[in-house]
Amino acid sequence: MSWAGFTVTPSGLDLLAFSPPGWGGNLLQGLGLSLQIAFGAYALGLLIGLSGALGKIYGGPILRWSFEIYTTLGRAIPELVLILLLFYAGPDLLNGVLESLGYARVDINALVAGIYVLGFVQGAYSIEVIRGAMLAVPVGQIEAAKACGMSWLTRHRRIIIPAMIPLALPGLANLWLIVTKDTALLAVVGLSELALTTRQAAGATKEYLMFYLAAGCIYLCVSLISNALFRLLERRYRRGQPDLV
Amino acid sequence: MEWYWVAEYTPKFVEGLWITIKLLILSITFGMILATPVGLVQVTGPKALALCAQGFCTVVRGTPLLIQLWLIYYGLGSIFPFIPGIRESFIWPALRDAFPYAVFAFTISVAGYSGEVMRGAFKSVNKGELEAARAFGMNPFTLLWRIWFPRAVQNVLPTLAGEFILTLKSIPLAATITVFDVYGVGSMVRQETYRIYEPLLLVAGIYLCLAGIIIGFFRWIEHRSTKRRLIMD
C-alpha cells in the first residue's frame with residue numbers, strides 16, 4: 001500500500017526523533033517558546049484585566065468609555081488582524097517615543113513582541129471576565145467589610161478579589177486554553193513557535209500529514225493537562241461552597 | 001495615512017468579501033447540520049456514540065484551528081494524489097482548489113464548538129414539553145423537528161451568536177492556505193503598495209461591520225421568537 005503506508009513507514013516516525021535528522025527536538029523547542037509566550041501573555045492579560053475591571057467599575061466616564069472601546073474592538077476584530085496591527089504598531093510607537101526623547105531605536109525580540117501582542121488581545125477578554133466576577137461578589141460581604149472599617153485597598157485585597165476568584169476561574173480557564181491555541185497565530189509574523197516549526201519541518205521533509213498530526217497531538221496534550229490542572233485549582237478555590245451546576 | 005489605493009483595489013475587496021461571506025455561510029450551515037447530531041447523541045446515547053461525539057469535541061476544541069487547517073489542506077492534500085485513479089475522476093478539480101478544504105476545516109471547527117453548545121441546549125429543554133409531545137403521539141423525528149430542536153436553539157441563541165462571531169473572526173486564517181478572503185486581499189495590498197497600517201485597518205473595519213451585522217441579525221431573531229412566546233403564553 002503506497003499511500004496508506006505513507007505515514008507509518010519507519011522513516012516517517014524516525015523524523016520525530018529528538019536529534020537531527022529528526023525534528024522532535026525542534027518541535028519541543030517550538031513548544032517551549034509557545035508556552036513561554038502563552039504564560040507571559042496570560043499574565044499580562046490578567047494584569048490588564050484586573051486594572052481594566054477596576055477602571056470600568058470605579059473609573060469616571062472617560063476611563064470607562066476608553067475601556068469599553070478597547071474591550072469591544074479587541075473582541076470584535078479578528079485576532080490575526082489585531083496581531084499584525086499590534087506587531088507593527090507597537091515597536092513603531094515605542095521607537096517614535098524613544099526618538100523624540102533623544103534615545104536610540106531599539107529592536108524588540110520575538111518573545112517580548114509575542115507576549116505583548118497576545119497579552120493585549122487577552123486583556124480585552126480578561127477585563128470582561130474579571131469585571132463580571134467582581135460584580136457577582138455578594139453585596140453583603142462588601143458591606144460587612146466596610147462595617148469592619150476596612151479601607152478600599154484592604155477591602156479589595158482581603159475580601160473582593162479572593163471572593164471573586166472562584167467565580168472568575170471557569171472564564172479564566174477558558175482564556176488560558178484560548179491563549180495557548182492563539183500562540184499558533186504568531187507563526188504568521190514569523191515567530192518560530194510550535195506551529196511555524198511544524199510548518200518548516202513538514203515543508204523540509206514533505207511529511208505534511210505526520211508533522212501536523214504530531215503538532216495537533218502536542219497542542220491537545222497541553223489543553224488536556226491544563227484542563228486537569230484548572231479543575232484541581234477550581235476545586236481548591238471552591239472548597240466549602242456548593243457546586244455551581 | 002494614505003488611501004489612494006482604495007479605488008484601485010475595490011473590485012478585489014468586493015471579491016474577497018464575497019469569499020468571506022460564502023465561507024462563513026457554508027461552514028455555519030454544514031457545521032450546524034453536523035453539530036446537531038453531535039450534541040444530540042451526547043444527551044440521548046447510545047453510550048458509544050456519545051463517547052465518540054465527546055472525543056470529537058475535545059479534539060477540535062483542544063487544537064488550534066490553524067493546525068487543523070494546515071493538517072487538512074497540506075496533510076490530506078498530500079495524500080490524495082496517491083489514490084489511484086483520482087486524477088481522472090470528476091472530484092479532482094475540487095481537490096486541487098483550496099476553497100473546499102477551507103470549508104471543510106471551518107465546518108469541522110463549527111461542529112466541534114457548537115456541538116458542545118447544542119449538548120447543553122438539548123439538555124436544557126423542559127422534560128414536560130417532550131412528554132407532552134410524546135403524549136400527542138409524535139414520533140421521535142417529529143418530536144425532534146417540531147419541539148426539541150426549536151426549543152433547544154431558542155435557549156442558546158446568544159451563545160450560538162457568540163460562536164458564529166468566533167467563526168467569522170477565524171476566517172482570515174484561510175488566507176494562509178491561499179484562499180483570498182478580505183484579509184487575504186488586504187495582505188496582497190500590503191505587499192504591493194508597501195503600506196502597513198491602512199489595508200489592515202480597512203480589513204478590521206470590514207470585519208467589524210460583518211460582526212455587527214451578525215449581532216443585529218441574532219438580536220432580531222431573538223426578539224421575534226420571544227415575542228411569539230409571550231403571545232402564546
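In this predicted model, Tyr194(B) counts as exposed, because it has 7 C-beta neighbours inside 10 Å and the cut-off for exposure is 12 or fewer. Tyr194(B) sits in the loop between helix H8 (182–193) and H9 of chain B. Its phi is positive, at about 60°, although the residue is not a glycine.

Chain A also has a loop residue with positive phi. Lys206(A) is not a glycine, and its phi is near 65°. The residue lies in the loop that joins helix H8 (194–205) to helix H9 (208–237) of chain A. Lys206(A) has 9 C-beta neighbours inside 10 Å and therefore counts as exposed.

The overall build of chain A was examined next. Chain A has 9 helices and 0 strands. Read from the N terminus, the order of elements is α-α-α-α-α-α-α-α-α. The C-alpha trace of chain A spans about 75 × 55 × 30 Å along its principal axes. Of the 245 residues in chain A, 36% are buried. Among contacts in chain A with a separation of 6 or more, 75% link residues 24 or more positions apart.

One helix pair of chain A was examined in detail. Helix H4 (residues 79–100) and helix H5 (residues 110–135) of chain A pack with their axes 9 Å apart, at an angle of about 130°. H4(A) is therefore oblique to H5(A). The crossing of H4(A) past H5(A) is right-handed. On the H4(A) side, the residues in contact are Glu79(A), Leu82(A), Ile83(A), Leu86(A), Phe87(A) and Gly90(A). They meet Ala113(A), Tyr116(A), Val117(A), Phe120(A) and Val121(A) of H5(A). By class, this contact comprises 9 nonpolar, 1 polar and 1 charged residues.

In the interface, 27 residues of chain B are in contact with 31 residues of chain A. On the chain B side, the elements that give two or more residues are helix H2 (47–62), helix H3 (65–79) and helix H9 (197–232). H3(B) gives the most, with 8 residues.

Note on methods. Residues are numbered from 1 along each chain as its sequence is written. Chains are lettered from A and ligands numbered from 1 in the order in which they are written. This is a predicted model: local features need pLDDT of at least 70, side-chain atom pairs count only at pLDDT 80 or more; totals for chains, interfaces and linings use all residues. Two residues are in contact if their C-beta atoms, placed from the backbone, lie within 7 Å. Helices (H or I, at least four residues) and strands (E, at least two) are DSSP runs, numbered from the N terminus. A residue is buried if 20 or more other C-beta atoms lie within 10 Å of its own, exposed if 12 or fewer, and partly exposed in between; C-beta atoms are placed from the backbone. Axes are lines fitted to C-alpha atoms, for helices over the stretch in contact, and angles run from 0 to 180 degrees between N-to-C directions. Angles under 35 degrees count as roughly parallel, over 145 as roughly antiparallel, 65 to 115 as roughly perpendicular and the rest as oblique. A crossing is left-handed if the near helix is turned anticlockwise from the far one by less than a right angle, and right-handed if clockwise. Ala, Val, Leu, Ile, Met, Phe, Trp, Tyr, Cys and Pro count as nonpolar, Asp, Glu, Lys and Arg as charged, and the others, Gly among them, as polar.
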